[in-house]
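Good morning, colleagues. Please look at the model now on the screen, and I shall then take you through a few of its details.

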Number of protein chains: 2
Amino acid sequence: MFGRTYFNGEVTEAAIGEKVTLKGWVQKRRDLGGVIFIDLRDRSGVVQVVFNPDISADALATAEKIRNEYVLDIQGTVIKRDEANFNPNVTTGTVEVQAENVTILNEAKTPPFIIDERTDVSEDIRLKYRYLDLRRPAMFETLKMRNKTTKAIRDYLDGEGFLDIETPILTKSTPEGARDYLVPSRVHEGEFYALPQSPQIFKQLLMVSGFERYYQIARCFRDEDLRADRQPEFTQIDIETSFMSQEDIIKTAENMMAKVMKDVKGLDVTLPFPRMTYNEAMSRYGSDKPDTRFGMELKDVSEIVKDSDFKVFTGAVASGGQVKAIVVKDGNADYSRKDIDGLAEFAAIYGAKGLAWLKVEEDGVKGPIAKFFAEDQEQLVSALEAEVGDLILFVADKKGIVADALGALRIKLGKERGLIDQSKFNFLWVTDWPLLEYDEEEGRYYAAHHPFTMPFREDMDKLESDPASVRAQAYDLVLNGYELGGGSLRIFERDVQEKMFKVLGFSEEEANAQFGFLMDAFEYGTPPHGGIALGLDRMVMLLAGRTNLRDTIAFPKTASASDLLVDAPSTVSDKQLAELNLRLAALKK
Amino acid sequence: MFGRTYFNGEVTEAAIGEKVTLKGWVQKRRDLGGVIFIDLRDRSGVVQVVFNPDISADALATAEKIRNEYVLDIQGTVIKRDEANFNPNVTTGTVEVQAENVTILNEAKTPPFIIDERTDVSEDIRLKYRYLDLRRPAMFETLKMRNKTTKAIRDYLDGEGFLDIETPILTKSTPEGARDYLVPSRVHEGEFYALPQSPQIFKQLLMVSGFERYYQIARCFRDEDLRADRQPEFTQIDIETSFMSQEDIIKTAENMMAKVMKDVKGLDVTLPFPRMTYNEAMSRYGSDKPDTRFGMELKDVSEIVKDSDFKVFTGAVASGGQVKAIVVKDGNADYSRKDIDGLAEFAAIYGAKGLAWLKVEEDGVKGPIAKFFAEDQEQLVSALEAEVGDLILFVADKKGIVADALGALRIKLGKERGLIDQSKFNFLWVTDWPLLEYDEEEGRYYAAHHPFTMPFREDMDKLESDPASVRAQAYDLVLNGYELGGGSLRIFERDVQEKMFKVLGFSEEEANAQFGFLMDAFEYGTPPHGGIALGLDRMVMLLAGRTNLRDTIAFPKTASASDLLVDAPSTVSDKQLAELNLRLAALKK
């Protein structure tokens with residue numbers, strides 16, 4: 001215990017009568033007329049210390065000077081409290097320590113906010129004084145949970161023979177994806193390093209090297225604007241394997257997550273996790289990362305409404321789009337026409353030009369469009385499994401817009417109607433992703449995951465003739481509607497990789513300049529390989545029941561960096577500026 | 001086992017009769033007239049596979065096409081080898097696999113070097129084809145040992161309640177120390193991030209936050225020129241604690257290293273490790289990181305020679321310097337006058353203006369300076385514990401030069417005379433470091449460790465009056481003459497820290513601008529704290545018995561980066577250049 005007898009939260013009745021040395025911070029101090037009580041906090045909890053003039057007048061005199069957050073070293077004897085003073089809220093609530101000696105190790109100014117869960121402080125202030133914010137037990141517990149999560153992951157992967165291998169942070173820039181952070185090189189004139197967006201190339205090279213099972217809890221970087229759910233510096237659980245099938249990799253990830261859930265949350269999850277193809281997820285939930293903790297699924301009513309008199313619906317179907325609906329159970333009474341207008345505005349963010357609706361009542365469907373469905377209403381209501389009292393919301397548009405708008409509405413309504421069981425952890429695999437996405441603006445295909453993803457073997461011949469229909473051997477792991485991460489089998493043959501770059505619009509020269517070293521490596525006996533990468537920050541956020549990603553990171557980046565402390569950029573010094581200029585001048589050649 | 005029955009190195013006699021599926025690389029192929037043998041390698045080892053026309057003509061036909069480093073999937077039956085063909089060099093040497101089916105998973109060009117321990121290849125070629133170099137079992141084993149080392153460290157620290165907390169890579173520049181890598185910020189116009197040389201400030205802030213026990217296996221960066229024993233990107237085992245004494249921290253590090261030695265090398269080390277003050281180490285070994293695996297200690301003979309007629313010696317002593325010697329056991333016959341001239345040249349690198357010597361022979365000491373010691377020779381020889389046949393080497397100069405020159409000579413001679421037991425792991429603590437070092441050129445003091453190191457309490461009042469004499473509460477851990485790392489108790493009071501910055505020549509404004517946030521934090525209840533940081537790369541190098549630091553890193557940086565693969569900097573694209581220019585223009589404002 002190194003100089004103390006107990007951590008404060010561990011002083012229990014078993015210690016009664018013991019002389020103890022304790023250390024910690026003053027959480028609270030009460031002066032009850034000549035007898036002073038303090039709650040002494042350390043990372044394990046608090047214990048009550050009492051300064052009594054009959055025990056030590058010196059200690060009491062020192063205690064007079066003590067304020068909140070002072071750092072103390074205390075010697076005393078553990079005694080039982082009077083039963084009337086038992087505190088059932090803390091582990092140490094039946095005992096107290098009678099102080100015989102106290103040393104003030106350090107003083108403390110009055111902190112800008114009280115170190116307590118219940119204090120409501122703006123995030124700006126919390127981040128400015130992060131060292132005080134982190135003193136709050138909930139923050140400590142979240143970071144402790146992060147430690148527990150990585151420990152569970154490491155223990156699992158180590159047991160399966162995975163080797164933790166570090167890959168470089170100062171690395172080559174490999175375009176595609178987000179913007180890189182750039183580090184001008186001093187030694188290599190006219191060149192610069194990039195910080196990695198993922199260890200993708202390195203982990204593939206390790207498979208070429210025959211490592212077979214690699215993992216790393218790897219720091220990655222994206223020079224993109226801050227969002228509540230995105231940090232420019234983030235941590236990825238990065239796994240790569242050789243000779244394993246998609247099934248093998250999914251099984252490995254599932255077993256790993258089961259250990260995490262057990263070790264961190266004490267929960268037994270059911271394996272295997274449910275699965276869904278990308279197409280099914282989009283169709284049933286309007287999302288590639290469905291939150292399956294509640295229903296309210298999207299139902300296609302195109303067939304039923306396509307011959308109706310409601311032009312919005314018939315037009316959408318006729319032009320190749322669709323009409324889909326979600327049913328808000330017992331929503332009739334809760335949503336006024338004005339409320340529904342609000343929902344329509346929300347749907348408009350996702351491109352929906354309108355939000356049609358029907359209320360199911362005892363005597364039939366009601367609402368502005370009810371008249372168009374006088375005849376079909378029974379068929380409609382029954383197809384949607386709607387009941388009296390329900391509200392039906394329709395979007396008629398192109399497939400993508402219908403999915404986005406109804407998918408977002410579903411989540412919004414699920415939350416505001418309390419349909420989500422917050423105690424649930426619903427894992428889901430989304431498989432069979434499209435390999436490519438077409439960017440209409442740029443008129444070219446992009447890799448839906450990344451350009452190293454292996455297409456389905458049976459779709460390979462459509463790579464040039466019908467790229468949009470090619471499926472990828474890729475899989476995402478979803479938890480409660482958040483993408484935890486994803487993986488794929490990788491291309492491991494030079495000719496397939498070359499074909500892929502061609503489809504993505506790279507010239508042979510460009511492909512060779514940027515990825516030639518990887519394709520060269522493929523020619524020296526590269527095994528079939530694949531892997532998965534999961535976001536640690538988000539995983540901890542979900543496990544800890546937090547909603548702010550920054551709460552899972554000890555020192556996160558914020559938009560107002562200049563207010564911040566140590567993770568903020570600095571103003572350049574004259575010497576540093578001169579050096580940067582030299583490097584930049586070289587770059588410009 | 002995911003699609004295979006065994007790893008290849010684990011196919012033993014217990015598997016005889018089993019139908020197995022194996023995967024791996026062709027290590028070697030021999031065609032014995034119609035029967036083909038291959039050694040199939042994976043990361044666990046090799047197993048022999050035999051293609052026999054009586055078993056499968058198809059498999060044999062495929063085997064005809066197989067070359068070294070092809071990747072195969074093999075089905076077959078494990079059989080016992082004829083005793084005459086037993087191979088005692090591999091774990092699988094008494095069995096072989098009779099191939100029934102073989103699939104070529106990927107082909108391989110002839111590699112630029114044979115994948116084998118014994119291949120002697122230049123490091124340039126090894127690094128250019130790092131993915132093939134890493135296929136060599138010794139490289140795999142070194143990186144596996146690195147994984148085992150970090151696992152042992154994590155398991156130990158986790159058991160002691162240390163939390164693994166990540167700190168930022170994009171951070172504020174905190175001058176002092178080496179040159180920073182700089183990352184111009186896109187969002188914060190005119191500012192830039194620095195990559196951390198250590199998580200120093202963050203770990204101290206975590207102590208302010210009450211984490212009490214933190215660790216991280218942290219990537220750190222120094223923009224300095226490459227050396228065989230230094231990488232610009234390196235990994236540090238970073239530990240910080242609160243309320244612990246120097247003794248407590250040393251004990252923690254010792255227990256951790258004992259677990260590493262046990263788990264990684266199977267060795268029981270004796271605790272506690274020996275200790276030596278900085279002054280004793282410099283005096284006895286001429287080094288602040290003595291290799292204690294052999295003797296040949298430096299002996300001070302100033303008192304004996306100060307009144308001799310040899311002006312070089314008497315002059316050195318008279319001007320405040322000293323005369324010290326090392327004894328080369330049985331060195332008389334081995335070192336000619338010319339050899340000794342060579343040693344003098346070597347000593348000159350360290351500033352020694354000459355190297356005096358004496359040979360101890362039956363009839364007294366011999367050599368050019370023997371005449372000056374006709375009378376004192378017995379006293380001299382006895383003080384040095386020299387015997388007939390020994391060679392004595394003297395350096396007379398300022399204390400620092402004597403230590404450097406004789407210290408370096410001692411190591412050189414220890415190596416070339418085979419005095420070092422390579423099987424030994426000699427740990428040593430060097431304590432009581434000076435707090436400050438005086439830079440004669442710049443006429444100012446520098447922090448010997450870093451500006452956050454706590455002085456001895458009893459030396460505190462000399463901080464301004466006699467800075468050079470102030471000792472630091474700092475300790476280095478040395479292994480076999482290499483500095484594994486070091487630590488210190490930290491300053492945790494604002495006034496002491498301010499005084500320290502003043503001694504280091506910071507104005508109040510500079511100190512506040514650069515470290516104000518830390519000193520502000522000190523005012524909110526900062527506990528006494530301290531820690532230690534050990535270099536992982538070097539630790540693994542010593543454990544693995546390697547001499548090249550780069551062999552402990554999967555993808556190291558090299559001087560000839562342009563030859564290299566993925567860890568090389570890139571040439572900037574037009575778009576990236578434009579963006580960098582914008583950032584730099586902002587910096588110049």
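At 5% relative accessibility, Q231(A) is buried, where buried means under 20% relative accessible area, exposed over 50% and partly exposed in between, with a 1.4 Å probe and protein chains only. This is a predicted model, in which local features need pLDDT of at least 70 and side-chain atom pairs count only at pLDDT 80 or more, while totals for chains, interfaces and linings use all residues. Residues are numbered from 1 along each chain as its sequence is written, chains are lettered from A and ligands numbered from 1 in the order in which they are written, and side-chain values use heavy atoms, with hydrogens and water left out.

Q231(A) lies in the loop between strand 9 and strand 10 of chain A; strands are DSSP runs of E, at least two residues, and helices runs of H or I, at least four, numbered from the N terminus. Beyond four places in sequence, its contacts (heavy atoms within 4.5 Å) include L549(A), R550(A) and I553(A).

E224(A) is found in that loop, between strand 9 (213-221) and strand 10 (233-242). E224(A) is partly exposed, at 22%, and among the residues it touches is R186(B).

That brings us to the interface. Contact involves 124 residues from chain A and 125 from chain B. Between the two chains there are 10 salt bridges, each a side-chain nitrogen of Lys or Arg within 4 Å of a carboxyl oxygen of Asp or Glu. Helix 4 (residues 137-159) of chain B gives the most to the side of chain B that touches chain A, with 10 residues.
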